[in-house]
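Here are my notes for your review. Please read them with the structure open.

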Amino acid sequence: MIAHIFEERCDGCNSCVAACPTHVLDARTDGVPVIARIDQCQTCYMCELYCESDAIYVDPDQLARSTITPQAILDGGQLGRLRHDYGWDQDAAPGEGHLSDFWRLGPLLREGAEIATRRYAAFKADRG
Amino acid sequence: MSQRDRLDLTADVLIIGGGMAACWAATSAARAGVRVVLADKGFVGTSGVTATGGPNHWWVAPDKRAQAVEERHARSFGLAERDWMARIIEETWRALPELTPYYPFDTDGRGGTFYSGVRGPEYMRALRRFAVDRGVTILDHHPALELLQDEDGAIVGAAGHARLDDRDWRVRAPAVILATGGCAFRSGLIGSHGNTGDGLLMAAEAGAVLSGMEFSASYSLSPAWNSTRTLPYFAARFFDAAGHELDVPPPMSGEAAHLKALARAMDAGPVLADLSDAPDLLKQLLRRIQPASLPPFERRGIDLFENRFPIRLFGEGTVRGTGGLQIIDEDCRTSVEGLYAVGDCATRELIAGATSGGGAQNAAWALTSGRVAGKAAALAALRSGRSAPGRAIGRAGLRPASTARAIDLTPVVPAVQAFTIAFDGTLWRSAAKLEAAQERLDDLWRDMADHGHAEGLGRVALREQAAMLASARWVGAAALARDESRGLHMREDRPQVDPAQARRLLTGGLEQVWTRFDHAKPLIREKDVAA
């Protein structure tokens with residue numbers, strides 16, 4: 001669930017309020033949104049993806065409210081990491097599209113299933 | 001809280017929902033030159049199960065299509081239609097390249113362009129921009145609460161509550177497309193929090209019929225604390241808490257053996273996954289392919305390919321299950337005049353029969369059903385002379401049949417999950433289990449219908465509870481009436497396929513839920529496919 005919004009990073013654009021698909025956040029007049037309905041947070045990370053200031057952090061536990069401290073979040077080095085990994089923080093370098101390996105998803109999925117199938121046959125043979 | 005003045009709009013086509021089917025419907029309707037309003041519960045771009053995923057679309061070159069349809073049809077338990085299957089392949093092949101100005105399609109690894117698989121956030125962002133460029137009016141955070149119906153029974157719009165503005169809205173339109181997605185019964189499945197069956201309830205209040213609701217037993221594997229994508233798990237080994245390897249047949253081995261083995265083990269105690277056997281290339285590239293797979297682990301200090309970790313199966317209800325609103329013609333009309341259903345809100349038996357459409361078929365269905373309904377709705381709106389304002393017809397949770405009062409909602413989610421999410425009632429259904437659970441649901445429904453009431457924004461959450469109750473009752477009734485096992489519907493007291501039941505099963509009704517087998521012929525004619 002959303003754990004924290006860093007006020008000193010937030011520029012008050014309210015992109016996270018708009019982008020949250022489940023209405024967790026409320027805009028406030030002084031700029032920094034408030035986490036108003038945490039029970040509706042589905043831990044989908046979409047607010048992080050749409051925060052160009054990298055000011056919002058989602059803890060990965062969707063079943064319980066996080067107790068992580070702001071300092072621990074900063075120390076963890078994950079603030080803004082997901083948006084960076086998606087390539088939403090910068091244009092792709094020439095010939096290095098953010099999605100140039102996406103076609104491998106299907107083949108890798110099938111390769112995984114084939115590994116499991118071969119291993120299971122051996123597992124069954126082993127156990128008689 | 002005081003409410004501001006109501007937002008009133010008129011349009012030719014109103015689309016309710018904001019996922020991929022809704023967006024394809026909107027762009028298609030707008031191309032016909034009519035006024036299109038799209039009202040979504042959340043934000044068009046992040047709403048729904050596509051945004052957090054990475055759908056592959058059923059993508060088959062022209063010379064391989066006949067064979068692909070034949071192979072898939074053979075696995076549909078007799079309930080799919082070849083013509084519809086061929087149609088979604090053709091339409092998907094035509095449509096996806098149209099997104100080129102908006103989506104960064106890249107290499108297919110063989111010197112061509114990879115169109116079929118798209119990453120969720122970029123796909124939905126592209127569809128939003130496409131719709132805006134076509135002149136679609138997008139209303140984000142405008143959940144619909146109910147439909148508007150004229151004196152002839154035709155749907156002429158919808159009403160809801162704009163949650164960021166805290167005011168009511170009403171859109172009048174002679175054609176309405178429901179694209180509200182499937183119902184995941186609040187299982188925690190990624191992206192599905194808003195997928196509560198709202199469109200099914202609204203349509204049923206207008207008299208619409210559902211089909212295939214019994215085909216709703218589907219799950220996806222994730223770390224126990226965060227539903228995410230399933231790509232990393234295909235080569236997984238599984239262990240119990242004591243470190244003993246579990247006997248789990250491989251995925252894609254048919255008969256739900258993989259799923260049932262995991263479910264039985266999880267009922268007995270924690271199950272841990274070991275992903276060390278995953279393909280080396282996957283270990284290197286997972287971050288580039290599916291970045292959202294990493295945070296659940298990295299933010300906990302876990303190396304997902306080195307450390308064993310507890311897992312959970314998140315229920316997918318009718319999202320990856322197959323049931324939904326019955327489609328009565330090739331334009332994706334429901335049985336109610338002026339009302340269309342597309343994507344996961346509609347039954348996908350037409351293309352998947354009694355099985356799951358998985359990712360690829362369902363994505364092609366969402367795209368195609370959206371496009372054909374969008375076009376048909378636009379043409380119908382232009383011909384329509386309907387201008388009556390219509391009457392708001394929502395009942396349960398909005399207009400109690402008896403005294404309005406606060407009702408206890410805590411039992412609702414456990415009750416609706418009894419035979420849709422909970423393993424024993426879903427994967428090992430029986431008449432006895434279903435009857436007991438239905439009785440409980442009927443009581444909760446009666447309480448909701450008689451007394452459920454809320455004001456302002458509170459109506460949105462209450463209607464979601466009502467919609468889940470209604471959806472679960474249809475699943476239960478259909479699961480009871482289909483007195484056999486077939487595809488996704490598994491009855492431990494009727495383990496065999498009964499050839500006499502190779503027909504679609506319809507359901508509907510709110511006060512009284514009914515079921516009946518469908519004897520209709522295929523829905524589209526050969527000439528439409530050829531055209």
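Two residues are in contact if their C-beta atoms, placed from the backbone, lie within 7 Å. Keep that cut-off in mind for the contacts named in these points. The model is predicted.

1. Start with Leu38(B). Its contacts, leaving out residues up to four places away in sequence, are Ile15(B), Gly18(B), Ala22(B), Ala26(B), Val44(B), Ala131(B), Val136(B), Ile138(B) and Leu139(B).

2. Which residues have the most contacts inside the largest nonpolar core? They are Val13(B), Leu38(B) and Val342(B). This core holds 200 residues. Helix α16(B) gives the most to it, with 13 residues. In soluble globular proteins, nonpolar side chains tend to be buried together.

3. Next, the helix pair. In chain B, α15 spans residues 431-451 and α16 spans residues 458-481. Their axes lie 9 Å apart, and the packing angle is about 150°. Angles over 145 degrees count as roughly antiparallel, so α15(B) is roughly antiparallel to α16(B). The crossing of α15(B) past α16(B) is left-handed.

4. Now the residues at that contact. From α15(B) come Ala431(B), Leu434(B), Glu435(B), Ala437(B), Gln438(B), Leu441(B), Leu444(B), Trp445(B) and Met448(B). They meet Gln465(B), Ala466(B), Leu469(B), Ala472(B), Arg473(B), Gly476(B), Ala479(B) and Leu480(B) of α16(B). By class, the contact of α15(B) with α16(B) has 12 nonpolar, three polar and two charged residues.

5. Check the loop between α15 and α16 of chain B, where Glu455(B) is found. Is Glu455(B) buried or exposed? Glu455(B) counts as exposed because it has 10 C-beta neighbours inside 10 Å; the limit for exposed is 12 or fewer.

6. Trp93(B) sits in helix α4 of chain B, residues 82-95. Trp93(B) is partly exposed, with 19 other C-beta atoms within 10 Å. A buried residue needs 20 or more.

7. Last, the chain contact. Chain A contributes 43 residues and chain B contributes 53. On the chain A side, α1 (15-19), α2 (46-50), α4 (81-86) and α5 (105-126) each supply at least two residues. The largest share, 12 residues, comes from α5(A). By class, the chain A side has 22 nonpolar, 14 polar and seven charged residues.

Note on methods:
Residues numbered from 1 in each chain as written. Chains lettered and ligands numbered in written order. Predicted model: local features only at pLDDT ≥ 70, side-chain atom pairs only at ≥ 80, totals over all residues. Axes fitted to C-alpha atoms, helices over the stretch in contact; angles between N-to-C directions. Helix = DSSP H or I, 4+ residues; strand = E, 2+ residues; numbered from the N terminus. Parallel < 35°, antiparallel > 145°, perpendicular 65-115°, else oblique. Left-handed = near helix turned anticlockwise from the far one by under 90°. Nonpolar A, V, L, I, M, F, W, Y, C, P; charged D, E, K, R; others polar. Core = buried A, V, L, I, M, F, W, Y, C linked by C-beta atoms within 7 Å.
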